[in-house]
Amino acid sequence: MSKSKFKNPVVKWIDHRLPVFSFMDHELNHYPTPKNLNYFWNFGSLAGFALVTMIVTGIVLSMNYTAHVDYAFDSVERIMRDVNHGWLIRYIHMNGASFFFIVVYIHIFRGLYYGSYKAPRELLWILGVLILLLMMATAFMGYVLPWGQMSFWGATVITNLFSAIPLVGESIVTWLWGGFSVDNSTLNRFFSLHFVLPFVIVGVVILHLIALHRFGSNNPIGIDVKGTQDTVPFSPYYTIKDLFGLSVFLSFFAAAVFFFPNFMGHPDNYIEANPMVTPAHIVPEWYFLPFYAILRAIPDKLGGVLFMFGAIAVLFVLPWLDRSSVRSSQFRPIYKIFFWILLFDCILLGYLGAMPAEGIYVILSRIATAYYFFHFLILFPLLPYIEKTKPLPISISEPILGGAATASAFATREKK
Amino acid sequence: MPKNSKSKNNNEGKRDFLIISTYAMAGIGAAAVAWPLIDQMNPAADTLALASTEVDLSSLEEGQAITVTWRGKPVFVRHRTPEEIKLAKEVSLDDMRHPETDEERVPNEKFIVLVGVCTHLGCVPLGQKSGDVKGQYGGWFCPCHGSHYDHSGRIRKGPAPTNLEVPSYKFLSDNVIKIG
Ligand code: HEM
Ligand code: FES
């Protein structure tokens with residue numbers, strides 16, 4: 001490798017001293033990627049796109065936003081009415097948060113279906129769950145900034161969750177608020193954290209990618225890459241596929257921003273915050289609803305909080321809860337059924353989180369919560385003992401190319 | 001690495017001591033530096049200074065209620081009717097989640113003073129205005145997750161763990177109270 005792979009003399013000069021171009025060439029161009037990835041593998045790059053979109057629109061929003069209880073609501077209204085293109089930038093940021101969660105939730109369920117969290121990708125998965133937590137914190141604090149009724153009461157209810165902690169709960173809540181209720185100090189610190197956390201997310205995303213590139217992507221049949229016959233270079237194959245996926249995503253995103261910008265929002269947030277009056281029915285943003293349903297399903301305050309955080313905690317330990325060594329659901333006939341039940345269960349929880357906590361909704365929330373924890377804590381560890389998995393193909397090439405590739409895969413294996 | 005085993009042992013012991021004490025000092029130093037950064041988030045002096053409010057009750061008719069602000073939170077003051085007082089006093093405490101007598105909670109039985117914040121997750125319960133839903137026990141009702149409070153602000157049904165908080169207050173005269 002004495003000859004540089006770059007022709008451009010400037011690139012060559014820089015790369016010799018600071019090998020960023022070699023790095024990009026290696027990780028984004030030649031990077032060998034399983035050749036059988038389906039469209040569910042587009043959502044990682046989409047999440048990255050969403051993150052960058054949020055940061056860019058967020059920085060320009062903050063140039064016009066005022067983090068003070070007396071001005072915050074009006075400054076957002078000013079962004080909507082008077083600031084040049086302000087309405088567009090805010091609608092992109094507002095809907096961008098929702099689309100970011102849609103993309104990330106699909107990305108996570110992709111991982112659950114194809115067993116992408118299993119060895120050797122445990123840390124990759126854990127970093128992903130950490131990103132989810134950081135996103136939730138960021139989105140929660142961002143929603144407080146426009147200082148509408150839902151902002152205020154959402155912040156009140158969620159910060160009060162910490163008061164359930166025995167002994168120190170009340171002091172923690174006072175500390176979070178910087179006062180005796182959600183007020184100006186709270187708004188200021190939320191703005192500060194909302195500004196900085198996305199950059200922390202960028203840091204964790206980089207770690208997530210380093211972990212990804214250690215063993216490469218998992219794939220729909222979940223078996224390891226056996227050699228170059230199973231892969232294609234990332235560029236142009238997946239760069240172009242990711243760009244195609246991005247254009248489809250952008251069509252949906254643009255439709256929401258231009259035609260239904262408030263569809264996923266709540267009208268009460270266009271009423272300025274009033275600490276004396278709670279809206280009749282407070283609901284969090286849709287992406288928190290399943291967790292909110294779990295919180296309300298438990299009749300005990302501390303218990304509700306523990307189960308709600310537990311719902312995320314189980315994701316962190318999932319690589320060790322699932323005892324099956326077969327990754328992809330394609331070869332796990334029973335797990336595959338339960339996967340769809342889990343997906344349905346989460347959607348049901350989301351629906352229940354939006355309904356008033358009474359009557360049949362409470363009963364259904366309890367059943368759905370019980371199923372969620374059953375799935376993670378009992379089904380994952382025990383199912384492998386009963387389930388008979390289907391035989392795995394010998395290589396990624398085999399099910400695609402048939403006999404010839406199988407023979408060549410054998411040959412490569414023999415050589416090793 | 002010295003070959004002599006005795007001096008090696010001596011040196012290692014000394015080295016361990018130095019390493020441990022260095023870590024310990026660095027740890028204490030880091031904690032001392034972290035504390036101001038953490039404590040700045042607690043209520044500031046001016047926030048603490050705003051901590052009392054006076055309320056004139058002379059215009060509050062029987063059966064009426066007013067909501068005042070104290071430390072950024074609503075405080076409910078209600079002029080109870082004799083009927084309500086009777087109900088609040090006579091009910092049995094046996095099956096209450098947070099048993100407290102009405103006397104403990106309301107020094108002057110006519111005027112009940114409560115922090116208007118649901119002890120579940122902090123919503124403001126309904127029941128101050130005449131048209132409000134007051135819940136099954138006639139006092140206050142929190143619409144957020146359905147907590148019912150009685151005429152003494154005690155939790156009777158729903159997820160809230162404790163009774164509505166009674167702020168510290170005193171009567172400056174027959175009709176004026178000072179909260180905080
Ligand atoms: C992980 C990335 C991010 C997420 C999920 C996110 C989420 C949100 C959400 C949900 C809102 C409320 C929108 C509304 O209802 O009006 C918001 C508002 C806001 N965000 Fe972000 N945000 C992110 C990144 C950023 C960044 C990096 C900045 C600044 C550098 C920023 C600055 C703002 C500002 C100033 C507002 C208030 C204006 C408004 O409400 O539209 N955001 N954010
Ligand atoms: S906040 Fe009142 S019932 Fe939950």
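The sections that follow cover confidence, the build of chain B, and several local features of chain A.

## Model and confidence

The structure is a predicted model. Its scores are ipTM 0.79 and pTM 0.88.

For chain B the mean pLDDT is 89, and 95% of the residues score at least 70. Among the elements of chain B, the highest mean pLDDT, 95, belongs to strand E4 (residues 111-115). The lowest, 85, belongs to helix H2 (residues 45-49) of chain B.

Chain B holds 4 helices and 9 strands. Read from the N terminus, the order of its elements is α-α-β-β-β-α-α-β-β-β-β-β-β. The chain is more spread out than a compact globule, because its radius of gyration is 28 Å, well over the 16 Å that the globule rule gives for 180 residues. Along the principal axes, the C-alpha atoms of chain B fill a box of roughly 95 × 40 × 25 Å.

Of the 180 residues in chain B, 37% are buried. Counting contacts in chain B between residues at least 6 apart in sequence, 52% join residues at least 24 apart.

## A nonpolar patch on chain A

In chain A, the residues A:Phe374, A:Leu377, A:Ile378, A:Leu382, A:Tyr385 and A:Ile386 make a nonpolar surface patch of about 650 Å². One of these residues, A:Ile386, is found in helix H14, which covers residues 360-386 of chain A. A:Ile386 has a relative accessible area of 68%, so it is classed as exposed; the cut-off for that class is over 50%.

## Surroundings of A:His30

A:His30 is placed in helix H2 (residues 20-30) of chain A. Leaving aside residues up to four places away in sequence, A:His30 touches A:Asp25, A:Pro233 and A:Phe234. A:His30 and A:Asn95 are separated by 65 residues in sequence, and their C-alpha atoms are 35 Å apart in space.

## Backbone exceptions in chain A

Most peptide bonds are trans, and most residues other than glycine have a negative phi. Where does chain A have a cis peptide bond with A:Pro120? The cis bond runs from A:Ala119 to A:Pro120, with omega near 5°. A:Pro120 sits in the loop between helix H5 (86-114) and helix H6 (122-144) of chain A. A cis peptide bond also joins A:Ser235 and A:Pro236, where omega is about 5°. A:Pro236 lies in helix H10 (residues 234-259) of chain A.

Positive phi values are found at A:His85, where phi is near 60°, and at A:Trp147, where phi is near 55°. A:His85 belongs to the loop between helix H4 (72-81) and H5 of chain A, while A:Trp147 is in the loop between H6 and helix H7 (149-160) of chain A. Are these residues buried or exposed? A:His85 counts as exposed because its relative accessibility is 54%. A:Trp147 counts as buried because its relative accessibility is 5%, and buried means under 20%.

Key. Residues numbered from 1 in each chain as written. Chains lettered and ligands numbered in written order. Predicted model: local features only at pLDDT ≥ 70, side-chain atom pairs only at ≥ 80, totals over all residues. Heavy atoms only, no water. Patch = residues over 30% accessible without salt bridge, like charges linked within 9 Å, V, L, I, M, F, W, Y side chains within 5 Å. Areas by Shrake-Rupley, 256 points an atom, 1.4 Å probe, with all protein chains shown as cover. Salt bridge = Lys/Arg side-chain N within 4 Å of Asp/Glu carboxyl O. Helix = DSSP H or I, 4+ residues; strand = E, 2+ residues; numbered from the N terminus. Buried < 20%, exposed > 50% of the residue type's maximum accessible area, 1.4 Å probe, protein only. pLDDT = per-residue confidence, 0-100. Rg over C-alpha atoms; globule rule 2.2 N^0.38 Å. Contact = heavy atoms within 4.5 Å.
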